[in-house]
Amino acid sequence: MRMSARPSHAAPPGRRLLAASTAWAVAAAGAAALTFGLASSATAGEFLTNGGFESGSIAPWSCTGNTGSVVTGQAHTGTYALAGAASASDNAQCSQTVTVAPNTAYTLSAWVKGAYVYLGVDGGTSTWTPSTGSAYQKLTVSFTTGASQTSATVWTHGWYGQGTYYADDVSLDGPGAPASSAPPTSQPPTSQPPTSQPPTSQPPTSQPPTSQPPTSQPPTTQPPGGGLPTHALVGYLHASFANGAGYTRMADVPDSWDVIDLSFGEPTSVTSGDIRFNRCSASECPNVESDADFKAAIAAKQAQGKKVLISIGGQNGQVQLTTTAARDTFVSSVSAIIDKWGLNGLDIDFEGHSLSLNTGDTDFKNPTSPVIVNLISALKTLKAKYGQNFVLTMAPETFFVQLGYQYYGSGPWGGQDPRAGAYLPVIYALRNDLTLLHVQDYNSGSIMGLDNQYHSMGGADFHIAMTDMLLKGFPVAGNTANMFPALAPSQVAIGMPATTNAGNGYVAPTEVNKALDCLTKGTNCGSYVPKAGPQPGLRGLMTWSVNWDQFGGREFSKNFDAYFG
């Protein structure tokens, strides 16, 4: 959560704010080349028409938003090439649908040039390249049609705001090519595409589920309320460091804040599990209070009904509980912090590479990755130790939760970012112990919502779509037989930056109120209407941070107070 020293997801190239790191990782459909050992065939042939664009026109290709054109001077071979003009609102996808045979193996390839260029087939595999420089690069994917499949739509596209890409010599090769299909206009080179994993970046477009996800029921047992008010305001307090927002004493935290997360407890090393909470030094925070005054102020807040938690992680606090020894150390060290300061509970703000899924760990309901299994065990132990009044909250990034609608872990073929959706098994396992989930709806890339459209930061719709996924539930990786169940509205808050300085994705109070109106009342909705329906029991809002809100004249907290009275 720490800005200046801690952003979450980085914005796309060219849109980074003053503190953009913790890369928005790729949950892509694999490395730059996916091969599946296709059966060879002496009758293999070309299925695409005008794959070299030598007709001088687009047809029979079609491109979204009239973004595609055929140009000269950019060809890989021959005279012409496809130019896809990706813009801020259109990724310039160009596609062609062809007749194919069921249960048949095919290879799709293309030579592409530009930044963030993708190649794939609807409902199947895809691949991409982050940049080809000034040269062409070959992309290749392979797929096998379904038992009753008789058509396939293949496509190439760029990425939002990344500019024009070029494609040429696009080929779909397989057995039994139509006799009328034209041969390729030129023989493409035979060099193999690179096999290295591309760096993390924006996720590629993938085909969404073909049917609406079924309704997922919330927990059958009453989730823990944690003693929170009906509508709660959660804020992170810079307790162990200073930045541009300045240091705020615990006693000076306004009464608006119902949950105060002390930022941060961090490990002595990534895999030690040994968590330490070191208060800001007087040299860094000249107005810091004494330990005694800090502890007394915590007790005073609690006497007013406020909850004070230790938040573990943040940008710098990578925590990987790879062993049971690290798990046990985590439990004992976190307990020591809670006991020393008399805290109400724990917030899990694991970011970066803290959580990831091992290859083959594909069922979020039965995880096998040690870092996931050990974290679940540690949190259950802490909950059991402190009892039902123990407040447990989580603040994952959208990449680790909502992106799970499209991608989960390294995927069925490997090659995806193993962190995609990695919080889902933790949330699921703790669903009857979790007081509050407040996903960070900021510093995020575009995410597909339940309407199968991409939603981006900057307005109420993003918060509505992301929150609706938690209130409705969703099929993990598009598998409607594997539903991530809805959380109770009382377990959900919306994470937002308090000011423009605090994080990428700030929205003005009017947009905050639109999101709340739509989610709790079903009114004032924009292009996205929640599939879960109005949820007046939505718990509230979370922000990074108390300090930035103070710095910004308390715009965020005052608006919350005015909205909920």
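**Exercise 1.** State whether Cys280 and Cys285 are buried or exposed, and describe the bond that joins them.

*Solution.* Step 1: Cys280 is buried, and Cys285 is buried too; buried stands for under 20% relative accessible area, exposed for over 50%, and partly exposed for what falls in between, with a 1.4 Å probe and protein chains only. Step 2: the sulfur atoms of Cys280 and Cys285 are 1.9 Å apart, and the two residues form a disulfide, the term for a pair of cysteine sulfur atoms within 2.5 Å. Step 3: the torsion about the S-S bond is 75°, and the link of Cys280 and Cys285 is right-handed.

The model is predicted: local features need pLDDT of at least 70, side-chain atom pairs count only at pLDDT 80 or more, and totals for chains, interfaces and linings use all residues. Residues are numbered from 1 along each chain as its sequence is written, and side-chain values use heavy atoms, with hydrogens and water left out.

**Exercise 2.** Work out how many disulfides the structure holds and what the pairing of the bonded cysteines is in sequence order.

*Solution.* Step 1: the structure holds three disulfides. Step 2: Cys63 and Cys94 form a disulfide with 2.1 Å between their sulfur atoms. Step 3: Cys518 and Cys525 form a disulfide with sulfur atoms 2.0 Å apart. Step 4: when the bonded cysteines of the chain are numbered in sequence order, the pairing reads 1-2, 3-4, 5-6.

**Exercise 3.** Explain why the disulfide of Cys63 and Cys94 is right-handed, and find which parts the pair ties together.

*Solution.* Step 1: the torsion about the S-S bond of Cys63 and Cys94 is about 115°, so this disulfide is right-handed. Step 2: Cys63 belongs to strand β2 (residues 62-63) and Cys94 to strand β5 (residues 94-99), so the pair ties together parts 31 residues apart in sequence. Strands (E, at least two residues) and helices (H or I, at least four) are DSSP runs, numbered from the N terminus. Step 3: Cys63 is buried because its relative accessible area is 17%, and Cys94 is buried at 0%.

**Exercise 4.** Describe how helix α6 packs against helix α8.

*Solution.* Step 1: α6 (residues 509-521) and α8 (residues 555-564) pack at an angle of about 35°, and their axes are 11 Å apart. Axes are lines fitted to C-alpha atoms, for helices over the stretch in contact, and angles run from 0 to 180 degrees between N-to-C directions. Step 2: the crossing of α6 and α8 is right-handed, that is, the near helix is turned clockwise from the far one by less than a right angle. Step 3: residues of α6 including Val512, Leu516 and Thr520 meet residues of α8, among them Asn559 and Tyr563; contact requires heavy atoms within 4.5 Å. Step 4: the contact of α6 with α8 divides into five nonpolar, three polar and three charged residues. Ala, Val, Leu, Ile, Met, Phe, Trp, Tyr, Cys and Pro count as nonpolar, Asp, Glu, Lys and Arg as charged, and the others, Gly among them, as polar.

**Exercise 5.** Give the angle and the axis separation for helices α2 and α3, then the classes of the residues in their contact.

*Solution.* Step 1: α2 (residues 324-341) packs with α3 (residues 370-386) at about 35°, the axes being 9 Å apart. Step 2: α2 passes α3 in a right-handed crossing. Step 3: Phe330, Val334 and Ile338 are among the α2 residues that meet α3, where the partners include Ala378 and Leu382. Step 4: this contact of α2 with α3 has eight nonpolar, five polar and three charged residues.
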